[in-house]
Amino acid sequence: MFCIGVAGVLIRRNGIVLLMCVELMLNAVNLLFTAYATHFQDSAGQVFVFFIMVVAAAEVAVGLAILVMIYRNTKSVDISLLDKLKH
Amino acid sequence: MKTLILLFISGIFSLFGGIFGLKKILPFFASIALATAFGYLAYDSYYGIENLQNMLIFDNYSTLFIGITIVSTLLIVLMSARGYSYNSNSIGDLIGLMFFVLCGVVCMVSFNNMVMLFLGIEILSIPLYVMVGSHRNNLKSNEAALKYFIMGAFATGFLLFGMALIYGATQSFNLDVIRSFSATALQSSPALVNIGLLLITIAFAFKIAAVPFHYWSPDVYQGSPTLVTAFMATVVKTAALGAFLKFVIYLSPMLGSQWYIVLGLMSGATMIFANVVAIKQNDFKRMMAYSSISHVGYILMAFLTVNKDTQSVVGFYLIVYSLATIGVFACLLLLNPDHNKSSGFEIFNGLGKRSPFIAIILTVCLLSLAGIPPLPGFFAKFSIFKQAISEYLGLVIVAIASSAISIYYYFRAITAMYFTKYDETETSCLKEKNYAGYFVITVSLVGLLVLMIFPGLLGL
């Protein structure tokens, strides 16, 4: 799942799909944390998962706001249009 | 702790102040709040170490880094008094977000638990994405915000995955427990620990913009408003390096020799690549981005030989670097307050005649960044080289060669100031007086000169 997320971020060119791939990475981590927490009978891992979920939600909110801002200026969410800064 | 609470309340107050039309006094309010926070920080550290449930520990180390970031923010807020008029409706939001970033910094550099490290990095990053995109109608700013966001979120994924693997090996998030567990964990599951450490290192490399994870940084520095660029180049860089150094100091028993090889290669590549590429840049802000990447390379060299002096060496370097960088960006903001010109080198043409005062300060700051001997930038570099030279002679030679290269591109701006004629037809924005801006550049000049004469003044 983590690898799918990484590959998605590197390959896809649609802003919304990029956000989804980042979420995929975070969810893979969540799964790993819960698995370890169950294995160790330790609640700290599960508590961390809640923190990750909260932060991920905040992050996606900001990310979508940035995408909306870009859509207003370019009428597209295709990030390959964004090459105005010199490389 | 009091510092953290004060910063948080000031942040909320600034946000509401921006809504209720207190924009005129906000920079002054923010300056007073930051000065008070700094006072509390000094007061608390005087009364010893404060430990919050083993989650956050406020000791000398965190006081040093929080102090550097608070003073840098204070200078940047003073710059904003006039400098952000381009979009002055959002000055309240901008200052509020700066306070929230500082809250993140406090968590990041005083963490004793992986959870606080993660939360600190996120509290720092999320307001920054918004700040970078704060010129809403400027497509460059939008692009910078999206790039920074994607890279930041990507790095967060790596950081969390690394933490998950280390949790799997050691069953704890607490750094003390992880450290005491490290020998057993390394024996029972070396792959988990090593891959986890590597992933966390990659995430930090993204945050501090070390080669090969630096490619977002020039775009973001160029695209964001100058004030935000200054903030990122100083406060954010200091915080990320502080957190990384704390991580390395705590977990040094877990780090194998291959980890040091990776870090050494990263440091060498960062210095060479950044300095060589910076020569070709025609945009001043992009050049400053590469310059700050190269400084990260020098600082990473100190991470290789961690001992009891590392903290003060890195702290001194970051103080000198932050002062000089703030001076440079404050001068840039004085010359181009409304972001209506390009930020190429031609902006400095004939500055030596137009405004000798700004020209001298800019020259001193750039020379200090380049590490020319009498200035404190030289002493800072020298103390890092001195530490590393016994074990990593090759790396020190690379560092000296690349800092010789860096003198060339710093001198491009200086020659433009003194030896290029100014086009008289352009309107000058230097006519109107911006006292806060002049105050900031004077402070950075005085700070650099004081550190030049008394390098031991700060007791580092």
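These notebook entries cover a chain contact, a nonpolar core and a helix pair in a predicted model.

Numbering runs from 1 along each chain as its sequence is written, and chains are lettered from A in the order in which they are written. I kept local features only at pLDDT of at least 70 and side-chain atom pairs only at 80 or more, while totals for chains, interfaces and linings use all residues.

**Chain contact.** I looked up the contact first. It takes 33 residues from chain A and 32 from chain B (contact: C-beta atoms, placed from the backbone, within 7 Å). On the chain B side, α5 (114–132), α6 (139–170) and α9 (216–223) each supply at least two residues (helices are DSSP runs of H or I, at least four residues, numbered from the N terminus). α6(B) has the largest share, 17 residues.

**Core.** I then checked the largest nonpolar core, which holds 202 residues (buried Ala, Val, Leu, Ile, Met, Phe, Trp, Tyr and Cys joined through C-beta atoms within 7 Å; buried means 20 or more other C-beta atoms within 10 Å). α6(B) gives the most to this core, 20 residues. M108(B) is among the members that touch the most others. Beyond four places in sequence, M108(B) contacts residues including L117(B), I121(B), L124(B) and A239(B).

**Helix pair.** I turned to α11 (257–279) and α12 (284–304) of chain B. Their axes come within 8 Å and cross at roughly 155° (axes are lines fitted to C-alpha atoms over the stretch in contact, with angles from 0 to 180 degrees between N-to-C directions). α11(B) and α12(B) are therefore roughly antiparallel (over 145 degrees).

Key. Contact = placed C-beta atoms within 7 Å. Buried ≥ 20, exposed ≤ 12 C-beta atoms within 10 Å, placed from the backbone. Parallel < 35°, antiparallel > 145°, perpendicular 65-115°, else oblique.
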